[in-house]
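Dear colleague,

Please find below the structure that I am handing over to you, with its sequence. My notes on what was found in it follow directly after.

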Amino acid sequence: MISFTLPKWYDLHTHFRQGDVLPAYIQAHLDMGCAGALAMPNTKPPTAIVFDKDKSEYWSIERYMRDLRNAGGSKFQELVVPLYLTIDTTPDMIIEGAKSGILKACKYYPPHGTTGAEFGAPIDKYIENGIFTAMEVAGVILCIHGEEHGLSPDKYFDRSTNAEEIFYSTHMPIIRDKFPKLKIVCEHITTKTAVDFVSESSDKVAATVTPQHLIYTIGDLIQGLKYHLFCLPVLKHCEDRNALQAAVTAPDNTKFFAGTDSAPHSIKATKCGCAAGCFTGGIAPQLYAMSFELAGVDLSDQKSQDIFKNFLCLNGANFYNLPIPQENFTLVKQASPLKALKTSNGEVMPLPLGLGMDILPWAIQN
Ligand code: NCD
Ligand code: ZN
């Protein structure tokens, strides 16, 4: 039986939500060997100011961090909440936030581009109004949801291109070249175009990759309309998945790291649509291990285990300057049953269960 021990890891892109559901989601992350997380700020209202003292309709990072800690997040070694960039964000907020140590990253959402993205502004705004300059000066990391916003459906997902490819071939080179010292995380990338952009850029540019984008393609979503697989950016094609697999399994990979984008929705299918987001809390290392195997990696081999460790445990911590945890957890190639997670707001389906898979080939021993 394959079994290997890894340092606890940081999920560098996740959604814990807010209110009474927090303890269940945070516990699921603790259960999968997480020593910390980057908790996304698309709360309601968005987490778009830094300090409590700055009275506002928005939530502050201080407030959200407090809620997270009180709901079990104090067991994490590290917790990062990026600031949601809105039209009200100012360069002073960035400088002051960074100085205090509370502000480590900011999050760009394409306006109306995904769940909770209604407060985003077009990317050019932050190029022009001094926000990216302030972040570059203050050493604050930019987390980018890289999709072109406001496209008509025929451009959004077309045979020859899509919202992510357009964003990575138009805006991203400009941002990278205008702000060469700005650290950028290209989040939940899904296309070969984005993989190539990250690979060709300096070490200031890195990317998170989700389990679902490493395992599935758009065909898995469409065949039978398996709506539990609907997340944004939407799944892409084989060529894209192959490029993602090659990037994360490369022996010299330092730029691509784990960020699950676990995004729980207790109600996925609505009367006239579907909420975007896949829930992978509790099972992400197991899914990542499956994706490595799918890419042809033999995880019984020590060298392959080291490559997996780079992706899951080391690269992201290094990019965010977080300490590598001393505590360990163990991944075992052993069948483990999947069940829905009970929360105060109803049950949430872990992604594979939503696809009809009720046993995972890997298990976690904490
Ligand atoms: C996320 C959510 O539900 O908050 N959904 C998703 O499809 N990934 C938002 C996001 O990160 O895009
Ligand atoms: Zn997300």
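**Findings**

Leucine 225 is located in the loop between helix 10 and helix 11, where helices (H or I, at least four residues) and strands (E, at least two) are DSSP runs numbered from the N terminus. This is a predicted model, in which local features need pLDDT of at least 70 and side-chain atom pairs count only at pLDDT 80 or more, while totals for chains, interfaces and linings use all residues. Residues are numbered from 1 along each chain as its sequence is written, chains are lettered from A and ligands numbered from 1 in the order in which they are written, and side-chain values use heavy atoms, with hydrogens and water left out.

**Backbone features in loops**

The phi angle of leucine 225 is near 40 degrees, a positive value in a residue other than glycine. With a relative accessible area of 60%, leucine 225 is exposed; here buried means under 20% relative accessible area, exposed over 50%, and partly exposed in between (1.4 Å probe, protein chains only). Histidine 112 also has a positive phi, near 60 degrees, and belongs to the loop between strand 8 and helix 4 (123-128). Histidine 112 counts as exposed, at 60% relative accessibility.

Two cis peptide bonds should be noted. One runs from lysine 44 to proline 45, with omega near -5 degrees, and proline 45 sits in the loop between strand 3 (34-39) and strand 4 (47-49). The other runs from leucine 232 to proline 233, with omega near -5 degrees; proline 233 is in the loop between helix 10 (218-222) and helix 11. For context, most residues other than glycine have a negative phi, and most peptide bonds are trans.

Histidine 13 and histidine 15 are both buried.

An open sheet is formed by 6 strands in the order 7-8-9-10-11-12, with parallel pairing. Strand 7 (83-84) and strand 12 stand at the edges with a single partner strand each, so one side of each has no neighbour in the sheet. Two strands pair if DSSP finds at least two bridges between them.

Strand 8 (residues 105-108) pairs with strand 9 over 4 bridges, and tyrosine 108 has isoleucine 144 as its bridge partner in strand 9. Strand 9 is joined to strand 10 by 3 bridges, with isoleucine 144 opposite cysteine 186. Strand 10 and strand 11 pair over 3 bridges, and isoleucine 184 has valine 205 as its bridge partner in strand 11.

Strand 9 (residues 141-144) is covered on both faces: Ile141 and Cys143 on one side, and Leu142 and Ile144 on the other, are all buried.

**Core and helix packing**

The largest nonpolar core has 125 residues; such a core is a set of buried Ala, Val, Leu, Ile, Met, Phe, Trp, Tyr and Cys residues joined through side-chain atoms within 4.5 Å. Those with the most contacts inside this core include Phe16, Phe132 and Ile175. Leaving aside neighbours within four places in sequence, phenylalanine 132 is in contact (heavy atoms within 4.5 Å) with residues including Leu85, Leu142 and Ile175.

In helix 8 (residues 192-200), the buried residues are Ala194, Val195, Phe197 and Val198. They lie on the same side of helix 8 because they cover an arc of only 160 degrees around the axis, the arc being that of the directions from the helix axis to the C-beta atoms. These buried residues pack against elements including helix 7 (163-178), strand 10 (184-186) and strand 11 (205-209).

Kind regards
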